[in-house]
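Here is a short briefing for a first look. Start with the view below, then read on by topic.

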2 protein chains.
Amino acid sequence: MAPQQQGRPGGRDAEVAADGQEAAVILAQARAQVDPELRRAVETLPTSLRRIARYHFGWEQADGAAAAEHAGKAIRPALVLAAVRALGGAPELAVRAAAAVELVHNFTLLHDDVMDRDTTRRHRPTAWTVFGDAGAILAGDALQALAQRLLAEDPHPAARPAAARIAACVMELCEGQVADVALERREPDQVTLDECLVMAEAKTGALLGCACAVGGLYAGAGEEEVAALDGFGRQAGLAFQLIDDVMGIWGDPARTGKAAGADLAVRKKSLPVVAALASGTPEAGELAALYGVVGPEDGPPKEGELEAMAVVVERAGGRDWAQLHAADRMSRAVHQLSRAVPAPEAADGLLSLAEFVTRRSH
Amino acid sequence: MAPQQQGRPGGRDAEVAADGQEAAVILAQARAQVDPELRRAVETLPTSLRRIARYHFGWEQADGAAAAEHAGKAIRPALVLAAVRALGGAPELAVRAAAAVELVHNFTLLHDDVMDRDTTRRHRPTAWTVFGDAGAILAGDALQALAQRLLAEDPHPAARPAAARIAACVMELCEGQVADVALERREPDQVTLDECLVMAEAKTGALLGCACAVGGLYAGAGEEEVAALDGFGRQAGLAFQLIDDVMGIWGDPARTGKAAGADLAVRKKSLPVVAALASGTPEAGELAALYGVVGPEDGPPKEGELEAMAVVVERAGGRDWAQLHAADRMSRAVHQLSRAVPAPEAADGLLSLAEFVTRRSH
């Protein structure tokens, strides 16, 4: 595929691109560009780790047989390439960096699933349930190393600052996960909304921001533009997390890939829930009483229990707050983007991606 | 400390340096050079991760109070600096790289302890027993990232190839740990000596080799010299592992920091044990029968049980084999070193370190 075909369709074509269509095209193009690099990189892993990585990426079944693709949406590599394009750089020179960002994302997924004991990812059993905790931890470790090796071997002058930025981002992601684990263990009334927002920014916003910033670096952008791109990705990432949390309570299981009310079943302290708990409404107290920590010994939720909880969260204003706050974060994202990319046409690809991930109806 | 004072004492001073004294001096100097860089780097970690890292390095107690130092011997950073010196480079320019290698080593220790459920490290409770699995996993992840950030921010021309080499080494370390976990789960008679040697080379030899190779890169050495330095470290690393395994069975607890026969108590498939099992002697069958997997439900070992096992391993030739094989690996190491560093005086620092770690009586 020639580089000029990978650009966002401009002019009258843009009219067709309404309603997430454009983002879908950008995502598909990014995957087509980055997937071969990603696969080549994973092929260089030692045998056992390669097998676990190939399973995790959805390329193989546990026994090594080919699998129907269940890979992620490649939002982060798409952000890298879209940011390069927005700043007038050559996206084809940033494919390796985009693959590195996707490797880092997947290293954190492998590790988070071990710590959170999550058993399903992308509609399949998580790696640790198949290969054991050690296998998933080590495959994650190796993916982080692989990401850094790609950058260390990339002759582009931006590779070195990108490597430093990605490494710093990993530390922030880890701090976010430490906070998440700690928050999940506390009593519901011992958790503040601010703490949860800080945690979500570190855990989700940081890597989306980093992806955009890396794209800026590869386009030769200056420090201020790179910082603004980072801010754009962070704010969009927080909007994304808020909507993801809304979907985790009220979303359609066929679209989310999770059971209805899955977050409520495990008493996850997601943002709408914490907002509801902090609302000062009569429902807040009701919710706090319902929302104790549950363990395997509690068995499956009772008939209608999760639906009733969702109603309480909604009545306490958790759903409205999350949606309003997501919109606020999106407007902050747009503001940051305008600082990095003043021309609206150039910013369009990044905006489409941000809108796509915060709608999640596609 | 001025650089010229950090060099190995040459000429007549060298006579004083017999019997590990010289190695002790080199190790102490390396620690004095690398420790400040390491501490500065760890200080840049986010709060929660910093706390875990500071505990792990032995600088702090779990509650944040200052601790009596229990840090490791800094063999790997010492190898980096000694290799730079052996090749005629400037060790003071490689301090950051030496710190990066030490960070990588400690990241793998944090993770290995989680996977192996080891509860003691450097005479203290392991990090996961204090901060939980998630804390130790995330602190390890962050230390790997920190190592790569140090290199990405290092202006030395060798920083980039060193970063690639260290990342490749991490993948090999992970593969070694996958193999180790898998071997420990198999029946004793299902494990071959060759598999164990390959595993030990990946798990222990690879990073010692990488440390020497990184030193070579920072001295501007050519590809062949760097490869020979890597080979030296690998072979010395295997010798070290063989002797470490001998100490794990017959070592003095006051020196090893582990209980007498600790490796036998957990039925570790260490190299002397596997050699004994593969010896074809009558004792091999006896040992196989004794050496089933044990779990917590088996309780502590019976009076005299471990001593009897140690005798069987020794009678089957496991101890002699390990010591002879360690000597063989050391002679291979010396041969590799002579390829990289033909002048014996220049090679002396590296040789002292190799001899020190394979004696372990200091």
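**Two chains and their contacts**

Chain B and chain A bury about 3100 Å² between them, with 71% of it on carbon and sulfur atoms. Buried area is the accessible area (1.4 Å probe) that two parts lose on being put together, summed over both. This is a predicted model: local features need pLDDT of at least 70, side-chain atom pairs count only at pLDDT 80 or more, and totals for chains, interfaces and linings use all residues. Residues are numbered from 1 along each chain as its sequence is written, chains are lettered from A in the order in which they are written, and side-chain values use heavy atoms, with hydrogens and water left out.

**The interface**

- On the chain B side, Leu138(B), Arg160(B) and Met171(B) lose the most area to chain A, together 23% of what that side buries.
- In contact terms, 38 residues of chain B meet 38 residues of chain A. Contact means heavy atoms within 4.5 Å.

**How the copies are related**

- The same surface serves both copies: 100% of the contact residues of chain B recur in chain A.

**Helices α10 and α17 in chain B**

- Helix α10 (residues 223–250) and helix α17 (residues 344–359) of chain B have axes that come within 8 Å and cross at roughly 20°. Helices (H or I, at least four residues) are DSSP runs, numbered from the N terminus. Axes are lines fitted to C-alpha atoms, for helices over the stretch in contact, and angles run from 0 to 180 degrees between N-to-C directions.
- α10(B) and α17(B) are therefore roughly parallel to each other (angles under 35 degrees count as roughly parallel, over 145 as roughly antiparallel).
- The crossing of α10(B) past α17(B) is right-handed, with the near helix turned clockwise from the far one by less than a right angle.
- From α10(B), the residues Leu229(B), Phe232(B), Ala236(B), Ala239(B), Phe240(B) and Ile243(B) take part; they meet Leu350(B), Leu351(B), Ala354(B), Val357(B), Thr358(B) and Arg359(B) in α17(B).
- The residues of this contact divide into 10 nonpolar, one polar and one charged. Ala, Val, Leu, Ile, Met, Phe, Trp, Tyr, Cys and Pro count as nonpolar, Asp, Glu, Lys and Arg as charged, and the others, Gly among them, as polar.

**Helices α6 and α9**

- In chain B, the axes of helix α6 (residues 95–116) and helix α9 (residues 193–218) come within 10 Å and cross at roughly 170°. That makes α6(B) roughly antiparallel to α9(B).
- In chain A, the axes of α6(A) and helix α9 (residues 193–218) come within 10 Å and cross at roughly 170°. α6(A) passes α9(A) in a right-handed crossing.
- The contact residues of α6(A) with α9(A) comprise seven nonpolar, one polar and three charged.

**Leu87 in chain A**

- Leu87(A) sits in the loop between α5 (75–86) and α6 (95–116) of chain A.
- Leu87(A) and Val226(A) are 139 residues apart in sequence, and their C-alpha atoms are 9.9 Å apart in space.
- Not counting residues up to four places away in sequence, Leu87(A) touches Ala219(A), Ala221(A), Glu225(A), Leu229(A), Ala340(A) and Val341(A).

Technical notes:
Helices (H or I, at least four residues) and strands (E, at least two) are DSSP runs, numbered from the N terminus. Angles under 35 degrees count as roughly parallel, over 145 as roughly antiparallel, 65 to 115 as roughly perpendicular and the rest as oblique.
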